[in-house]
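Work through the two exercises below with the coordinates open. Each solution goes step by step.

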Amino acid sequence: MPTKISALLPALALALGAAIALTGCGAGSAAPAGTAGATKVNGGTIQYAHQQEPSCVFGGWIEQAYLSYQVLDNLVSLDSNHKVVPWLADSWSTSADGLTWRFTLKKGVKFTDGTPVDAAAVAYNFDYWLKGGNSTAQVWLAGYYSSARAVDAQTLQITLTAPYPRLADTLTQGYFGIQSQHALTTRTAAQNCEAPIGSGAFIVTKWNRGQNILLTRNTNYTSAPANARHTGAPYVNAIDWKFVPDATTRAAALKSGQVDAIYDVPSIEWSTLKSGGFQLERYVTPGRPQQLTFNLSRAPFDDENVRKAFAYSLDREAIVKTIGRGVIPFEGNGGVSRTTPGYNTAAADEYSSDPAKAKSLLDAAGWTGRDKDGYRTKDGTTLEVVLPYGAGSIINADGAAILQGIQEQAKGVGFKVTLVPVPQSELFAGAYSKPTEKDLSVGYWTAVTSGILYVNWRQSTATAPNYNNAAFVNQPELEKIILAANSESDVSKQNALYAQAQKYIADHALAIGVYDRLSTLAVSPRLKGVWQENAQGGPVFDDAYFVK
């Protein structure tokens, strides 16, 4: 159950009471354009309330990417036009056959342990990821990566086994942050987990498990990405990155002035915060949206007509509009979200609400009986489908309400949808991951290209299992289309192939979209310069400053 506001706010107030007062932050200066009448303050500590606490700062979950983005630099960044721009790498090139990439690194950049950010260190990171150092980086590159080596101190060479023209785009995600090779090889796993050493704008100073992480300014920061708002060290002294799971508590703390910014703004609070003068940021995450994938390995969804019946039983758009209050976008595409290059509108529009058609398809599939509660039956078996979801982690409170709406609408044509909220600890330990444990999977995958289709739909074999294939049945024809798209250098042809793959998913009702996964921020009027990075929508505090 959600934590009561009355229980959390006193503790939160106590913690915030020790924060650095703005009036003592540092010398004032003339405010930048857009902050007329205010004075910019150098220094201060940003009190930031995030919703989820990861097990390590760096890793394969987006919540880790948001954190590590503050501490680690990437080779490249993504600007607001979805263009790859320099970060640690000044430039890059590919060979004619697409199998060799070369990145030229900036000179003079150092990790915060004093060791150089050179090609050898970056090459070590690639091998580290592929050996399991980051599970998400691993699944993105597996099947394409062959080796990485330092040609010289500033030149990194990546060799691939097959062309992957969107490699640079992929490397803009937070899963590809570069760590100190010296730290990875000389410190314990626990030390690198809690405080990874990078060359980023902030340094991990202290982690109070269950409460917060303190990030302090890297005064020697020189390697901001090309799309940063300024170069050099951050304006603020520190970020107090708090973990406040309850969305109502986060919003209340922001409105009362106890925190300066919050993540994951509840849709019900959006208009109130906007009218209150708070800065609101909404980023529709590219990649796989919040969608439902059918388990094709067993009844009832091994029958394509039953899958289509489920899709037609729902007015997904009405549910999302009602719960999302105009903030959360409906998404019909089960393959990729609307902000993903190569998005196919036809695939998104394939299933509209049609209960009569759903009933007809279920009749044809033999689900003609009814049990005492009115659910359909076949040969004495109730048409029950199990839908587990990561409560408070993969699915927030708004998302849970949307799933309840789906449950109620599907009941109208005879489906009994059993929702199973799964705590984060159990979900990440593998609960409900087997095909015998569920009939539907819900969730998202952030990405910057439609190459996410490769991650989600690559065939699973004994020698190369794909645990991200939630349908549990291989689709060789679909994989063939996706592989062709991944290696196509002509962007228009590449997007056409990705669109074809999305249409295949829709035509065979392998997955249906529900809503686009959002990254949202609300920021106090006294804090300026906060923005969202363009690969995953995480908060960027490097350019932030206080005003008074």
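The model is predicted, so to speak of local features pLDDT of at least 70 is needed, and side-chain atom pairs count only at pLDDT 80 or more, while totals for chains, interfaces and linings use all residues. Residues are numbered from 1 along each chain as its sequence is written, and side-chain values use heavy atoms, without hydrogens and water.

**Exercise 1.** Find the cavities of 30 Å³ or more and describe the lining of the largest cavity.

*Solution.* 
Step 1. On a 1 Å grid over the protein atoms alone, a cavity is a set of points where a 1.4 Å probe fits but cannot get out; lining residues have an atom within 4 Å of a point. Grid points are joined across faces, edges and corners, and the volume is the space filled by probe spheres set on the points.
Step 2. The search of the whole structure returns four such cavities. The largest has a volume of about 260 Å³.
Step 3. Its lining holds 22 residues, with Asp264, Asn396, Tyr515, Arg517 and Leu518 nearest the centre.

**Exercise 2.** Give the strand order of the open sheet of four strands and name its edge strands.

*Solution.* 
Step 1. Strands are DSSP runs (E, at least two residues), numbered from the N terminus; two strands pair if DSSP finds at least two bridges between them.
Step 2. The order is β6-β7-β9-β8, with antiparallel pairing.
Step 3. β6 (89-94) and β8 (145-152) each pair on one side only, which makes them the edge strands.
Step 4. Between β7 (residues 100-105) and β9 (residues 155-160) there are five bridges.

Note on methods. On a 1 Å grid over the protein atoms alone, a cavity is a set of points where a 1.4 Å probe fits but cannot get out, and a pocket is an open set with protein on both sides within 12 Å along at least five of seven lines; lining residues have an atom within 4 Å of a point.
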